[in-house]
Amino acid sequence: MFGRSGYRALPLGDFDRFQQSSFGFLGSQKGCLSPEPGGVGPGADAPESWPSCLCHGLISFLGFLLLLLTFPISGWFALKIVPTYERMIVFRLGRIRTPQGPGMVLLLPFIDSFQRVDLRTRAFNVPPCKLASKDGAVLSVGADVQFRIWDPVLSVMAVKDLNTAARMTAHNAMTKALLRRPLQEIQMEKLKIGDQLLLEINDVTRAWGLEVDRVELAVEAVLQPPQDGPAMSSLDSTLQQLALHLLGGSMNSAVGGTPSPGPVDTLEMISEVEPPASQAGAEAEPNPKKQPVAEGLLTALQPFLSEALVSQVGACYQFNVILPGGTQSVYFLDLTAGQGRVGHGAPDGIPDVVVEMAEADLQALLCRELRPLGAYMSGRLKVKGDLAVVMKLEAVLRALK
C-alpha cells in the first residue's frame with residue numbers, strides 16, 4: 001500500500017517468506033552435501049569444504065546423541081517456544097541458520113546459540129534538540145518514529161545495536177532537512193517534512209532489515225525568532241491600507257454624509273523627497289536649513305552636567321557622528337574641569353577617547369535604548385582609546401534620568 005509520501009511499505013506477512021527449518025539436528029544442513037549459492041543474510045559464508053562439513057556433522061550428531069541420552073532433563077533446556085510475532089535466529093557452531101519459528105524449536109546443547117527478534121511495530125522518540133533554520137531562527141525540535149523489522153536475519157547480521165543506529169539516522173536526517181527550510185515552512189508543512197524524512201530514513205535502514213512506518217515532527221518551542229522578518233513587510237502594507245481606510249472615512253464624515261454634485265474627493269500622495277514644481281519655489285524660502293539631530297541631542301546634555309559628574313568621569317570625549325547623508329560631524333564632551341562643556345567641533349585639547357557612531361545609534365544611546373557595552377560588542381560603536389573610559393559614559397546616561 002502506498003503512503004502519503006509514495007513509499008510502498010512491505011506487507012506485514014512478508015517475513016514468512018523465510019524457509020522454516022526442519023525439526024532435527026541436521027535441519028538447515030543440506031548445504032554440506034549440496035551447498036546453496038548465496039547463503040542466508042548479508043555477507044554469507046562460502047560453502048563449507050568437505051573436512052569442515054564432516055566435522056560439523058559429527059559434532060552435531062554427538063550433540064543430538066547427548067540430547068537423547070539426557071532427554072527427560074535436557075528437554076527443558078533444548079525446547080524453546082517461539083510466538084507468532086517473534087523469530088529466533090540460531091547460530092550452530094557459529095554459522096547462521098534460517099529463522100526459526102513460530103512454534104517449538106529444538107536447540108542442541110552446547111553448540112547452538114540463539115537471539116530472539118520481535119517483529120511487532122515499535123516506536124522511539126528523537127529527543128528535542130536545538131536547531132537553526134534557514135532564516136536564522138533557533139527552535140527546539142524532536143520527532144516520534146514508528147518502525148518494524150521486516151527481515152530478522154538482516155537486523156541481526158547487518159548492525160550491532162539496531163535501536164541506537166536507527167535513532168542516530170533519524171536525528172541526522174531531521175537535522176539536514178530542517179537546516180534547509182525557514183521557520184514558517186517548518187511550522188506549516190510538518191506532515192510533508194515527515195514524509196520526506198520517512199523516505200530518507202528508509203533508504204538507510206532497509207539494508208538493516210528495518211522499515212520506518214511513520215515519522216512525526218514535534219516543534220517544542222521557538223527559542224529565537226527569525227533574523228529576517230518576512231512578515232514585517234506584509235504588516236507594514238496592512239497598516240498602510242488601514243491608515244488610508246481610516247483617512248478616507250474621516251474625509252467622508254467631514255462633508256456630513258451628503259455627496260456633492262462635483263467631482264469625488266481624492267487623496268493625493270505627495271513625495272517629500274521630490275516636491276511638486278509648483279510648491280518647490282514657495283517652500284524653499286521660508287524653510288531654514290534643518291538642524292542635525294545629533295547636535296540637538298548633545299546640546300541638551302548641558303543642563304545635566306555638574307561638578308559631581310566631572311569628578312566621577314574626568315575624561316574628554318570626541319564624537320565623530322556619521323549623518324544619514326554620509327557626511328561626518330564632530331562634537332565633543334569635556335568632563336575634565338568645572339561643570340563640563342559640550343559643543344560642536346573638536347575639543348581644545350587632545351581627547352582621551354574618540355568615539356565613532358551613526359546618528360541613529362547616538363540617539364538610541366542618549367535615550368537609554370542602547371548601552372555603551374552592547375553598542376561596542378555589536379560593532380555599532382567604534383572606539384579609539386581606552387575602552388574603560390568609554391564605559392564611564394554610563395554615569396552620564398544615568399544623569400539624564
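Helix α4 passes helix α6 in a right-handed crossing (right-handed if the near helix is turned clockwise from the far one by less than a right angle, left-handed if anticlockwise). This is a predicted model, where local features need pLDDT of at least 70 and side-chain atom pairs count only at pLDDT 80 or more, while totals for chains, interfaces and linings use all residues. Residues are numbered from 1 along each chain as its sequence is written, and side-chain values use heavy atoms, with hydrogens and water left out. Helices (H or I, at least four residues) and strands (E, at least two) are DSSP runs, numbered from the N terminus.

**Helix α4 against helix α6**

- α4 spans residues 162-179 and α6 spans residues 190-205; they pack at an angle of about 135°, with axes 10 Å apart.
- Axes are lines fitted to C-alpha atoms over the stretch in contact, and angles run from 0 to 180 degrees between N-to-C directions.
- That angle makes α4 oblique to α6 (under 35 degrees is roughly parallel, over 145 roughly antiparallel, 65 to 115 roughly perpendicular, the rest oblique).
- From α4, Thr169, Ala170, Ala173, Met174, Ala177 and Leu178 meet Ile193, Leu197, Glu200, Ile201 and Val204 of α6 (contact means heavy atoms within 4.5 Å).
- The contact of α4 with α6 has 9 nonpolar, 1 polar and 1 charged residues.
- Ala, Val, Leu, Ile, Met, Phe, Trp, Tyr, Cys and Pro count as nonpolar, Asp, Glu, Lys and Arg as charged, and the others, Gly among them, as polar.

**Helix α1 against helix α2**

- α1 (residues 50-69) and α2 (residues 71-78) pack at about 120°, and their axes are 6 Å apart.
- The two helices, α1 and α2, are therefore oblique to each other.
- Leu67, Leu68 and Leu69 in α1 meet Phe71, Ser74 and Ala78 in α2.
- By class, this contact of α1 with α2 has 5 nonpolar, 1 polar and no charged residues.

**Backbone in the loops**

- Gly101 and Pro102 are joined by a cis peptide bond, with omega about 0°.
- Pro102 sits in the loop between β3 (95-96) and β4 (103-106).
- Leu93 has a phi near 55°, a positive value in a residue other than glycine.
- The loop between β2 (86-92) and β3 holds Leu93.

**Cavity**

- The count comes to 1 cavity of 30 Å³ or more (a set of points on a 1 Å grid over the protein atoms alone where a 1.4 Å probe fits but cannot get out; lining residues have an atom within 4 Å of a point).
- The largest cavity has a volume of about 70 Å³ (the space filled by probe spheres set on the points, which are joined across faces, edges and corners).
- Its lining has 10 residues, with Phe319, Leu365, Leu366, Leu393 and Leu397 nearest the centre.
- The lining residues of the largest cavity divide into 10 nonpolar, no polar and no charged.

Notes:
On a 1 Å grid over the protein atoms alone, a cavity is a set of points where a 1.4 Å probe fits but cannot get out, and a pocket is an open set with protein on both sides within 12 Å along at least five of seven lines; lining residues have an atom within 4 Å of a point.
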